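Hi everyone, thanks for making time today.

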Amino acid sequence: MQRNQNQMMKKKSKLKWFIIIAVIIIIALLGMFFYGQSNKDSNHNTSSESSITSSQASESSNDRSSSQKNDYPYSVAFPGNQIYQGNYDQLGFAITTYSDRSDIMVASRPKANPDPTAHMGENASLVPKNISTKKINVVENGTEKTVKVNTELKLSDTTNAVSADFFTPFNGNDTKIFAYTMNNGHIALAFTSKNSDSHKAAVYQAIEFTPTDTSTNNSTSDVAESSSEINDQASKENQAYADIQNRLTAARDAAIDNQNKAVAAGGSPNDVQSAVSAVIAESDVLKTEYPQYSDYIENSVRQLGY
């Protein structure tokens, strides 16, 4: 009986130590597991922070690069209050810029015509526009070459922005104009060449313009004075064109208004002057005031549909 009790006590003692050892092992395993998980989260956070910092640095670098990038490296600036002189074939050209306007005035006049008051000049009000870089083929001082451009000149939205025959020496109403800086630093305007074939790559006629300097010598002063006369005449012509258009339109509108009033009063539109008669009568008056613009007056009448 005593022997059995001793054996039972020994078994209980072994079981007790087995349980203690098992608990210690379990605690150790749990400790190792949580310690490993903690290191993993810490490494993940460190990696994420590093990735975010790297991404932010990359974005900052890209922003700086974007801000430093020049989208229009070949654009042409036209400083205000300047006059530039150029020549093409039998024509003398002048560019006038303004300090308070974005448009520029380009005028031409036959070299053989010394009288600035004669109606022999043509002009256009043009606005420089930035465009995506493109390559064009130009004939520059007799040599064909390829240049890159970022500036295109568009007609301004003012009334009578261009005279009737300004584009005649080039490709008529299909003429495009680009500006670029020549290797010598001068500004060049490139016009679509006359009779350009739309199925082939266009070749543009480049006109070199040099700035005038009235303090250099008498010859340059004469050039500047001549250019100023051309542009003064261009301004007068623009005023004449505007006056002609306004008066013809006013004559038409007044006649139509009178006809409407006659009908409203129970009469007939034939009781008063018709729009056609009013426009024709006004055009005859204008021809006596502006005899040098007779062709323009007739074209304006036709544009009104009469």
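I'll start with the overall layout, then go through the strand pairing, the core and the pocket.

One thing to keep in mind is that this is a predicted model. The chain has 306 residues, and 31% of them count as buried. It contains four helices and eight strands. If you follow the sequence, the order is α-β-β-β-β-β-β-β-β-α-α-α. As for how the chain contacts itself, take the contacts between residues at least 6 apart in sequence: 54% of those join residues at least 24 apart.

Now, on to the strands. Which strands does β8 pair with? One partner is β7, residues 187-192, which pairs with β8 in the antiparallel sense over six bridges. Within that pairing, threonine 192 has tyrosine 204 as its bridge partner. Another partner is β4, residues 122-140, and here the pairing with β8 is parallel, over three bridges. Tyrosine 204 turns up again, as the bridge partner of valine 138. Then there is β1, residues 83-88, which runs antiparallel to β8, residues 203-211, and is joined to it by three bridges. For tyrosine 84, the bridge partner in β8 is proline 211.

In soluble globular proteins, nonpolar side chains tend to be buried together. Here, the largest nonpolar core has 21 residues, and Phe78, Val106 and Leu189 touch the most other members. The elements that each give two or more residues to this core are β2 (91-96), β3 (104-110), β4, β6 (177-181), β7 and β8.

What is valine 106 in contact with, once we leave aside its neighbours within four places in sequence? The list includes Phe93, Ala94 and Ile95, then Glu122, Asn123, Ala124 and Leu126, and also Phe166 and Leu189. Leu189, you'll remember, is another of the residues touching the most other core members.

The largest pocket has a volume of about 490 Å³. Its lining is made up of 23 residues, and those nearest its centre are Leu155, Val162, Ser163, Phe167 and Asn173. Two elements give two or more residues to that lining: β5 (143-155) and α4 (294-303).

Note on methods:
Residues numbered from 1 in each chain as written. Predicted model: local features only at pLDDT ≥ 70, side-chain atom pairs only at ≥ 80, totals over all residues. Heavy atoms only, no water. Buried < 20%, exposed > 50% of the residue type's maximum accessible area, 1.4 Å probe, protein only. Contact = heavy atoms within 4.5 Å. Pairing = 2+ DSSP bridges. Core = buried A, V, L, I, M, F, W, Y, C linked by side-chain atoms within 4.5 Å. 1 Å grid on protein atoms, 1.4 Å probe; cavity = no way out; pocket = protein on both sides within 12 Å on 5 of 7 lines; lining within 4 Å. Points joined across faces, edges and corners; volume = space filled by probe spheres on them.
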